[in-house]
Amino acid sequence: MDTLKQTFGEKGYLVIENFCTTEECDSLIQRAEALSKSFDYKGQASIFQTTNQSRTSDAYFLASGDNISYFFEKDAFDENGDLKQPIEISLNKIGHALHDLDPVFNSFSRSPQLKQLASDLQLDDYLIIQSMYIFKHAKIGGVVDVHQDSTFLYTEPDSCIGFWFALEDATKENGCLWAKPGGHITPLRERFHRKEGGGTTMKNLHSEPIDMDNMQALEVKKGTCIVLHGLLPHYSLPNTSGRSRQAYSIHTINSKAVYVKDNWLQRTQFPLRGF
């Protein structure tokens, strides 16, 4: 629809209520729990945090573009390296090829309604490059610093667009997204990429700081889809409530754009696919 595309072009994001059914949301929650319980973390526990991310970019993280990989909250382990709580409530996220390697997530990521939305936004040439299941557990779900998704999925020209699905109600208390209307018309500030010889680094591209004024809390109900432009500044605060804020997201890029070879996320084992 032209109205959707026009709104997206003006604001840099869309909030589409009742996009997914309760049953579809619950199926992803149940599948993520089953995957979590099946993961043997001993010897390969990887911590995910947005602060100083380049310091936590281990080989496991860098190989996750081809795999279903598991990343823990930074405070999930005690001093002996044991989990403080059961694994299913200790993870930060699962990523980054769920949409291709797991049948439940594949079906959701290529649902008829999502294909239609992509068509309405004229994203017919787009490929799904990564997926993430985000737990945001009660009390331990950490902050996600303000960022632009194109920092992590850089193309020339810029083309990254994300789709974020609320699998549970998202509120200020349990860590909903915050975004700046129109913020996508400002430049890309940083690029996160692989370094020669191993590891990753964050390269500064533009000195203009992100303006945090007029950030809007995107409090949404279960089943809502939020579409995010790759240049849109957004973030989420810690979950201070007694309930989780589980979500699923996918990120897409234009197949005709150049996906730069030193991007941190690489797909080497099988090709990218669209909707």
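These legends describe close-up views of one predicted model.

Residues are numbered from 1 along each chain as its sequence is written. Local features need pLDDT of at least 70 and side-chain atom pairs pLDDT 80 or more, while totals for chains, interfaces and linings use all residues, and side-chain values use heavy atoms, without hydrogens or water.

View A. The whole structure holds 0 disulfides, a disulfide being a pair of cysteine sulfur atoms within 2.5 Å. Cysteine 20 has the sulfur of cysteine 25 as its nearest cysteine sulfur, 5.0 Å away. Cysteine 176 has its nearest cysteine sulfur, that of cysteine 225, 16 Å away. Cysteine 20 counts as buried because its relative accessibility is 8%. Cysteine 176 is buried too, at 1%. Buried means under 20% relative accessible area, exposed over 50%, and partly exposed in between (1.4 Å probe, protein chains only).

View B. Valine 227 lies in strand β13, residues 225-229. Strands (E, at least two residues) and helices (H or I, at least four) are DSSP runs, numbered from the N terminus. The relative accessible area of valine 227 is 0%, so this residue is buried. Residues up to four places away in sequence are left out of its contacts. Beyond them, valine 227 touches Phe8, Gly12, Tyr13, Leu14, Ile16, Leu117, Leu121, Ile161, Gly162 and Phe163. Contact means heavy atoms within 4.5 Å. Glycine 65 is 162 residues from valine 227 in sequence and 22 Å away in space, C-alpha to C-alpha.

View C. One aromatic cluster is formed by Phe19, Phe105, Phe108, Tyr133, Phe135, Phe165 and Tyr248. The whole structure has 16 aromatic pairs. Rings of Phe, Tyr and Trp (its six-membered ring) pair if their centres lie within 6.5 Å; planes under 30 degrees apart count as stacked, over 60 as edge-to-face and the rest as tilted. Lysine 93 places its charged end over the ring of phenylalanine 71, 5.6 Å from the ring centre. For this, NZ of Lys or CZ of Arg must be within 6 Å of the ring centre and within 35 degrees of the ring normal.

**View D. An open sheet of 4 strands.** The strand order is β6-β14-β9-β12, with antiparallel pairing. Two strands pair if DSSP finds at least two bridges between them. The edge strands, β6 (144-147) and β12 (216-218), each pair on one side only. Strands β9 (residues 177-179) and β14 (residues 234-236) run antiparallel and are joined by 3 bridges. Leucine 177 stands opposite serine 236 in β14.
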